[in-house]
Structures are given as C-alpha cells and as structure tokens.
Amino acid sequence: MSVHYSHESPISSLPSDEETIAALPDAKRARNLMIFCLLFGLASICAVALLVYHQTSSLLAARERTMLSHEIKMELSETISTLKDAETGQRGFVLTGNESFLRPYDQAVEAVHAKILKLTKDTAHDAVAQRYLKKAHALVDEKLDELKQTIELRKTAGFEASAKMVGTGRGQQLMDQLRKLFDELENEQESKLKLHINQLDEDTQRFLYIFELLGLMALAFLIAFGYFMRRYLLDLKQARESIARQRALFSTVVNRLSDAVLVADQNGKFVVINQAAAALCPPLSMSRDLSPQQWSDAFGCYRADGTTLFPASELPLARALRGESVDNEEMILRPKGSPPVWISVSARPLTPDTGFTGGIVVFRDISERKAAEQHVKEFYALLAHELRSPLTSIRGSVSLITSGVIASASDQAAELLNITQVETERLLRMIDELLDLKKMELGQWNLEINQTEPGKLITAVLNSLKGMAATSKVSLESHIDGNHPIRCDKDRVQQVLTNLVSNAIKFSPSGSEIVVSCHTEPGATKFAVTDQGPGIPSDKLPRLFNKFEQLDTSTSSYSGSGLGLAIAKAIVEQHGGTIGVDSEVGKGTTFWFVLPERSISQKLLRSGTAQSET
C-alpha cells in the first residue's frame with residue numbers, strides 16, 4: 001500500500017512547466033533568455049523588413065522622380081520643337097499665301113497649349129519649375145500672338161506688311177528667350193536629378209550596411225535562442241526529474257510515518273492518504289469524494305463518550321479548512337466493520353503561499369495510552385481504597401500494642417512490632433505521596449488558607465520528628481526571626497517542612513545539628529533547613545526537584561519514593577512562592593522556600609482553588 005492521490009490534484013499530477021520552472025531558477029533564467037533572444041531575433045527581422053520596405057519605397061520614388069525629370073526634359077524639347085513647327089507654318093503662309101501652311105500652324109498652336117498645361121501639372125510639386133513655367137507660359141502666349149498677328153497681316157495687308165513685321169526680329173527674340181528659359185529649367189531639373197541619384201546611392205549604401213548588421217544580429221540571436229532553448233529543455237527535464245524524485249521521497253516518507261496523514265483541498269476532497277491513515281480508517285480510501293458534512297457519519301467520528309457523533313463542523317480537518325489550527329484533539333474513531341480506536345488529532349490550514357490551499361491533519365492511535373491511563377486510575381483507586389485502608393488498620397493495631405494499651409508477649413515481639421509500625425508508616429507516606437502527586441497532575445489539589453504563625457509550624461514539625469532525630473542521634477534546633485502571622489495552608493506547609501527536615505535527618509552524620517529557621521520580611525516569609533551533612537554535588541542540584549529523583553542513600557538507613565521534593569516544590573509554587581537549595585560538598589546543605597503573602601492571595605483569587613479562608 002502506498003500514499004493515495006487524487007488524479008485531479010496538483011499534489012498528485014506531474015508538475016506543470018510553470019511549476020517546474022519555479023522550482024528550478026536555472027530553467028527559469030534559461031527560458032527568459034530564450035524568449036528574449038527569440039523576441040529580439042523577430043524584432044530584427046521585422047526591422048529589416050521595414051527597412052527593405054522603406055528603401056524600396058525610396059528607390060521607387062527616386063525612379064519616378066528620375067522618369068519625371070526625363071519626361072519634363074523631353075516635353076520642354078517637344079514644346080520648343082512644336083513652336084518651331086508653328087513658326088515654320090507661319091513663314092510658309094507669309095511667303096506663299098497658301099493656306100495649306102496654316103494646318104501645321106493650327107496643330108502646333110493646339111499642341112503647345114497642351115504641353116504647357118502638362119508641364120505645369122507634372123511640376124506641381126516643384127515651386128522653382130512652376131516659376132519658370134509661369135514665365136514660359138507668358139512668352140509662349142506672346143510668341144503665339146506674334147505669329148497670329150503676322151498671319152492676320154498677310155491675309156489683310158499682303159506680303160509686304162507681314163514680311164516687314166517678320167523682319168523686326170521680335171519673333172526670333174521670343175524664341176531665344178523661350179529656349180534660354182527652357183534650358184535653365186532643364187538644367188535645374190538635371191541638378192535635382194543628380195541630387196536624387198546621389199541621395200539614392202547613399203541610402204542604398206546605408207541600407208545595405210544596416211541590413212547586413214541587423215541580419216548578423218538576428219542570426220546571432222537566433223543561434224543564442226537555439227542554445228538557450230536546448231539548455232532550457234535540459235534544465236526543464238532535470239527539474240521534472242528532481243520534482244519526481246522529491247515526490248517519490250515524499251511518498252516514501254509519508255508512508256513510513258507511524259502517524260496517519262490526510263491532506264484535503266479547499267473543497268474537502270482528500271488528495272493525500274498515507275498508509276497509517278488507510279489502516280486506521282479503511283473507508284477513507286473508498287470515500288475520498290465525500291463532503292466535509294458527511295465525514296463524521298462515514299468514518300465513525302465520536303466524542304470521548306463513544307456514543308455522541310462528533311459534529312462535522314467541529315472536526316479538526318473541517319476547522320483547518322476554515323483557517324483554524326487544532327492541537328491534540330481527542331476522539332474515538334469507529335468506522336463500520338472496525339473496532340473503536342482512540343485517536344489524538346492535530347490540524348493546520350494550508351494557505352496559497354504554501355502552493356496549495358486546503359488543510360492537513362495528523363492523527364495517531366492513542367488506544368494503548370488511554371488503556372494505560374485507565375490502569376493508572378485503577379491503580380490509584382487501589383492505593384486509595386484497597387491498600388491504604390488495611391494499612392491504616394494495621395498501623396492502629398500496632399500502635400495500640402506499642403503504646404502499652406495492649407501488653408505484648410515478649411521484648412522480641414515488641415521489637416518486631418516497632419519495625420512493623422515504622423514500615424507501615426513509611427508505606428502510608430509513600431501512598432499519600434503518590435496520591436498527592438496524582439492530584440497535583442490533575443489540578444485537583446486545593447489549598448485551605450488560614451492565618452498562622454511560622455513558629456507554630458516549625459515547632460509542630462520538630463515535635464513530630466523528635467523520635468526520628470533521636471534514632472539518628474541528630475539534634476534539632478529552631479531559629480525564628482520575627483514571628484509575623486502568615487496566610488497559607490498550614491498542613492501543606494508543614495508537609496513541606498517535614499519533608500525537608502526528614503531528608504536532613506537522613507543524610508546528617510551522628511552528633512550533628514539541624515537548624516530550622518524562619519525570617520519574616522514585609523510581604524514575604526523565608527523558611528530554611530540547614531544540615532551538616534556531606535553536601536550535594538553541583539551537577540545534581542538541578543535535578544533534585546524532579547519526580548522520582550533520589551540522591552545516593554548508601555550513607556543513610558532511610559529510603560524514600562523520590563517524590564517528596566517534587567511535591568514540596570508543587571506546594572510552594574501553588575502558594576505563589578519559590579523553593580531552592582544551596583549546598584557545598586563537605587560543608588552541608590540548606591533547603592529554603594519563600595512564601596509571598598500577597599502573591600498567595602492573588603494566585604488563589606485567580607485560580608479559584610481556595611476552599612475556605614478564616
């Protein structure tokens with residue numbers, strides 16, 4: 001069995017090109033360079049095409065201008081020639097009087113006007129040519145008028161009068177002026193033509209240079225495009241292979257987890273179900289498309305009582321899909337056809353910045369832990385009822401015998417009874433410590449705050465331990481500096497002092513002295529127990545107040561459970577105080593604790609643990 005994936009989920013499918021590129025910066029960089037080269041190459045080709053178009057247009061325009069200049073030159077020549085034809089027809093008529101000579105004249109006059117109009121139209125864009133043609137037009141009109149007058153004189157006054165008019169030379173002067181004017185116009189057109197040709201040559205050379213440059217650049221960038229394209233494809237392939245390996249690793253790791261893992265998308269569709277999840281809840285693999293509202297019933301999610309169905313909206317994964325985080329939610333999982341299982345569930349939302357939107361839930365089977373907790377409860381119940389009760393009866397009976405109320409059979413029996421009483425007391429203390437520890441862990445340890453004097457607490461403790469001190473040949477002394485009344489749970493504070501003093505007796509050498517002191521300051525009272533024992537190594541000091549932590553008891557005839565100091569610490573801290581130890585190897589040890597009166601009241605008011613105050 002392996003991780004189950006939804007084929008429509010981005011978690012299961014092979015990564016897209018965009019996801020792959022994002023996962024591998026080299027591929028992204030190569031792709032960007034490839035696109036840049038391609039775009040620049042295309043831009044270069046477009047630039048060359050535009051340049052070719054522009055230059056081709058320029059060449060065509062230059063060709064048209066050149067042809068137009070040639071046409072203008074030809075039309076100028078033809079105009080002069082036509083005027084000559086008109087003049088020849090006029091002279092023939094003057095000399096002969098034969099009107100057949102007037103036909104070429106009439107044709108020439110009509111043609112001259114047409115040519116002048118065409119020249120004016122062809123040079124409409126040329127202001128200089130227009131000025132020349134304006135003058136030419138006036139001279140042509142004047143020349144034609146001179147020819148017309150001569151012909152009219154020949155018709156009306158005869159040859160002499162017309163010959164006399166021809167002889168004035170006015171017609172020749174007009175022709176010379178026209179020739180000169182047309183020559184100037186032709187020269188001006190010739191100069192412009194040369195300028196156009198020179199400019200065309202320069203444009204052509206520039207075009208060829210730019211064309212070659214852009215062509216080489218486009219070729220270079222196309223080559224670079226091919227290189228980066230190849231590199232991009234290789235990087236893309238490597239990235240996809242890398243992601244595939246990572247996905248395989250992810251699948252392996254998730255399936256090797258002992259905890260169950262579920263991932264759902266934002267719609268509540270499961271996209272990852274690992275082996276542990278499928279094993280704990282088999283319906284998951286067959287019901288991956290259920291809506292969140294159907295999860296409780298389909299998968300058998302119950303509250304701690306085992307009968308109340310867990311509300312679908314309160315399921316940890318449903319809450320994670322709403323953006324909440326859940327830690328260690330306990331419930332019973334009882335799928336149809338499977339035994340019930342206690343599970344502890346934690347869930348977290350998955351947001352878009354993680355690359356996926358949805359939720360992830362991790363849960364584990366805590367059935368064994370729950371069974372162990374039940375066994376512990378039963379054990380404590382056994383301690384409280386089945387063991388403590390008979391031990392209390394035994395202690396009472398032995399106490400009656402050892403106190404002389406009931407006579408013992410012999411001295412040897414009395415000694416055995418003393419041993420029995422001591423061991424019974426020790427067992428009862430151990431049971432009480434275990435029960436206190438359990439109450440402390442469950443938060444069921446309440447304080448009964450009363451006002452009392454520190455000196456009375458110390459005196460009561462020392463009186464209760466005189467026998468133990470006498471047995472160990474240790475003297476007990478008290479030193480009370482200010483006996484200002486304090487507010488505390490006197491039984492619990494006595495328990496702390498009893499534990500500290502009894503520990504001092506255990507580790508004090510015969511003939512030594514133990515001093516129990518009390519120093520009262522405004523708002524705080526400090527208690528201290530100082531012995532002359534072997535001292536405690538510095539490396540062991542930090543562990544002294546841990547549960548079941550014991551010092552070396554090889555030098556003592558007493559043993560304990562290792563819970564006394566842990567319970568003492570809990571009592572002091574519940575009063576809002578602090579506890580500590582100062583020790584030097586070979587010089588003795590001082591255990592101390594401070595009870596701040598104001599902190600006690602405030603802490604109790606906040607926690608609501610005080611049952612009574614007098």
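The expected span of a helix is 1.5 Å times one less than its number of residues. Helices here are DSSP runs of H or I with at least four residues, strands are runs of E with at least two, and both are numbered from the N terminus. This is a predicted model, in which local features need pLDDT of at least 70, side-chain atom pairs count only at pLDDT 80 or more, and totals for chains, interfaces and linings use all residues. Residues are numbered from 1 along each chain as its sequence is written, and side-chain values use heavy atoms, with hydrogens and water left out.

Start with helix 4, residues 127–156. Its 30 residues should span 44 Å at 1.5 Å a residue, and the end C-alpha atoms are 43 Å apart, so the two values agree. Some of its residues are buried (under 20% relative accessible area; exposed means over 50%, partly exposed in between, with a 1.4 Å probe and protein chains only). Among them are Leu133, Ala136, Val140, Leu144, Leu147 and Ile151. An α-helix has 3.6 residues a turn, so residues three or four places apart point the same way. After helix 4 comes Gly158, with a positive phi near 95°.

Next, look at a hairpin. Strand 2 (residues 260–265) pairs with strand 3 (residues 270–273) in the antiparallel sense, over three bridges. Two strands count as paired if DSSP finds at least two bridges between them. Leu262 stands opposite Ile273 of strand 3. Four residues lie between the two strands of the hairpin. One of the turn residues, Gly268, has a positive phi of about 90°.

Positive phi also turns up in residues other than glycine. Asn328 has a phi near 55° and sits in strand 5 (residues 326–333). Asn328 is exposed, because its relative accessible area is 55%. Lys473 likewise has a positive phi, near 55°. Lys473 belongs to the loop between helix 14 (466–471) and strand 9. At 58% relative accessibility, Lys473 is exposed too.

Now follow strand 9 into a sheet. Five strands form an open sheet in the order 9-11-12-14-13, with mixed pairing. Strand 9 (475–481) and strand 13 are the edge strands, since each pairs on one side only. Strand 13 runs antiparallel to strand 14 (residues 588–596), and seven bridges join them. Glu584 stands opposite Gly588 in strand 14.

Helix 15 (residues 490–507) lies across strand 9, strand 11 (513–521), strand 12 (524–530) and strand 14. Helix 15 runs at about 175° to strand 14. Such angles go from 0 to 180 degrees between N-to-C directions, with axes as lines fitted to C-alpha atoms, for helices over the stretch in contact.

The largest one has 38 residues, and Leu497, Val501, Phe527 and Phe593 touch the most other members. Helix 15 gives the largest share, seven residues. Phe593 is in contact (heavy atoms within 4.5 Å) with residues including Val493, Leu497, Phe527, Val572 and Ile579. In soluble globular proteins, nonpolar side chains tend to be buried together.

Finish at His575, in the loop between helix 16 (564–574) and strand 13 (578–584). His575 is buried, because its relative accessible area is 0%. A polar atom of the His575 side chain lies 2.9 Å from the backbone oxygen of Ile571.

How values were computed: A polar contact is a pair of N or O atoms within 3.5 Å; within protein, one must be able to donate a hydrogen and the other to accept it, and residues adjacent in sequence count only if both atoms are side-chain atoms. A nonpolar core is a set of buried Ala, Val, Leu, Ile, Met, Phe, Trp, Tyr and Cys residues joined through side-chain atoms within 4.5 Å.
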